[in-house]
Amino acid sequence: MIKEVMESLRRNTRGLITLDVLNMLTRHHRIQGSSGLENALMDLREILEGLGYSTRMIEIPSDSRKGFIDTPVSWDIDEAFLQFKTGGNVIEEYRFNEHPTLVAAHSPPGEGCGVLSLCSGGKCEGEVVLTKGPAYEAYIKADARLVLVYDSKRYSEAVPYMGLFLHSDEVKDKVVMNIPYKTALKLMSMLIENPGRKIEVCWSSRTRYTGKPMHALIACNKYEEPGIVLVSHICHPKPGAHDNASGSVVNYMAAFASRLTGLEVPLCHVWVPEHTGTVFLDNALPWQPLGVINLDMVGSKQWVTGSTLNIVNTPLYMESMITPYMYLAVKAVFDTAQSFGGFNLPGVRYSLSPYTVGSDHDIFISWGLDTVMLNEWPSKYYHTDMDTVETLSQHYLQETTVASLLAALLAYRKLHGNEVSSVFRDYLKTWYAIEAVKTGFGTSLGDLSRVIDGFPKLRSDNIVKLPSPISTRSIRGILGFETYKRVSEIKGALTYLSLYAPLAYVNGLNNVAQLFQVENLIKWSSEEETLINNAWELIRNKLLK
């Protein structure tokens, strides 16, 4: 049955206009709250209605809050310019039409010229200052007319994407622009090697705040009985191909292919502004999903992006069937290579991954829904202006579509449910055991299995829901910049504090820190554990009492 369905889906995805839809989306600057995001949604809606879908647009208010998620004030950009000169010679020059990530998302407008200064000794002041991100902290702390931000973790030659996601009461008279790490190093070297040198910076940024609402787009094929939701965030700056035009296009292809094949599965396809739109879906779907598939960064040329396809599990204290079915579907679709003896082997890099936050699956899991994410990581040009369509593979986008629909069908029909669940759980324990041996994790295999099996499993039909995960903005506001920075540098800490611990807490599960560390094969030091426990106590007392 799996093979027949898979081949039928493959036949009906081969002729789809994948690249046309990719190009359609990536021509828009899809910042949250922008007209580009709205235009991308309207273009997609027109195509879906042409396929015969009845669509809905869900309104998401600007400059608001739902659960523990904040929506930014809506914002648009017309043009921007940045130039560096010394001794009358131009060093570097950037324009928005060539580098759409140049201006930090939601930055105030402004223009001028000034002398560049470096931040040092805790001080960040001058006409123009250069500092390391994150952009929001630099924006709040720097005393300057122009704040230039770099990110050493992004591809060094690309202009990184960083945003402020401001509320209207946070708008100040300063501009924030992003520059490549390579350029930042060049500027810092010039000033450090010759302290008397002056670098003149001129800039112009024409942006405006609109207050217009955002929207999410929903297209369902059946409304009578519960089925599966496929969700993808359609936001992010131009071009934003891997993140996340890729997931949005696979979602569109799934809508098209399921109709062509007559797939007998109730499906709702949803396109959202990441997190801020998803949190408004709580009463917008026609039924409570049996499972949710989050499509975020898929279908790349892995030899270009350096990515591995991650099948991101639900927290181990939750029951899940969508993850086992997705793992089975990915193996069925992507095991296309062969050994010397003819045994099927992976044709792309893929792996199971412990639960981690960072995309729209977080919202559905906070509501207790069985949710899995497909996500390729790392990605060479992630959050830069070099995240282009050329990094994606039409073939692997199609294959990801097939895997997603196959998993949806298996989950809806609950094919061999008990057997698949039992086998996958045994596999999961073996997978963890092998990983523990490989990494020298230090827990005996028996102890590992007992920890994994020892917690009661929360089910969708009896779980106490959170309104949403706790956003990093909320965590930062409670802890303050310095403590937040220390916490965020601890592996797994933000996943634990934003959703893992809060959802366990409201459901009466205590002392889940040990399970979390086993689940992620990490060992916090006593100092790290104290810092995380103190942060968790502050967050819990502030938001969950």
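This is a predicted model: local features need pLDDT of at least 70, side-chain atom pairs count only at pLDDT 80 or more; totals for chains, interfaces and linings use all residues.
1. Disulfide count. The whole structure holds 3 disulfides. With the bonded cysteines of the protein chain numbered in sequence order, they pair 1-4, 2-3, 5-6.

2. C113 and C202. The sulfur atoms of this disulfide sit 2.1 Å apart. The S-S torsion is about 110 degrees, so the link is right-handed. C113 belongs to strand β6 (residues 110-118) and C202 to strand β10 (residues 200-209), so the bond ties together parts 89 residues apart in sequence. C113 is partly exposed at 37% relative accessible area. C202 is buried at 15%.

3. C119 and C124. Here the S to S distance is 1.8 Å. C119 has 26% relative accessibility and counts as partly exposed. C124 has 15% and counts as buried.

4. C220 and C268. This disulfide has an S to S distance of 2.0 Å. C220 lies in strand β11 and C268 in strand β13, so the link spans distant parts of the chain, 48 residues apart. The torsion about the S-S bond is 105 degrees, and the link is right-handed. Both C220 and C268 are buried.

5. C235. This cysteine is buried, with 1% relative accessibility.

6. Helix α3. Residues 35-50 make up this helix of 16 residues. From first C-alpha to last, α3 reaches 23 Å, close to the expected 22 Å. Its buried residues include G36, L37, E38 and L48. The buried residues of α3 pack against α2, β1, β4, β11, α6 and β13. Just after α3, G52 takes a positive phi of about 100 degrees.

How values were computed: Residues are numbered from 1 along each chain as its sequence is written. Side-chain values use heavy atoms; hydrogens and water are left out. Helices (H or I, at least four residues) and strands (E, at least two) are DSSP runs, numbered from the N terminus. The expected span of a helix is 1.5 Å times one less than its number of residues. Buried means under 20% relative accessible area, exposed over 50%, partly exposed in between (1.4 Å probe, protein chains only). Contact means heavy atoms within 4.5 Å. A disulfide is a pair of cysteine sulfur atoms within 2.5 Å.
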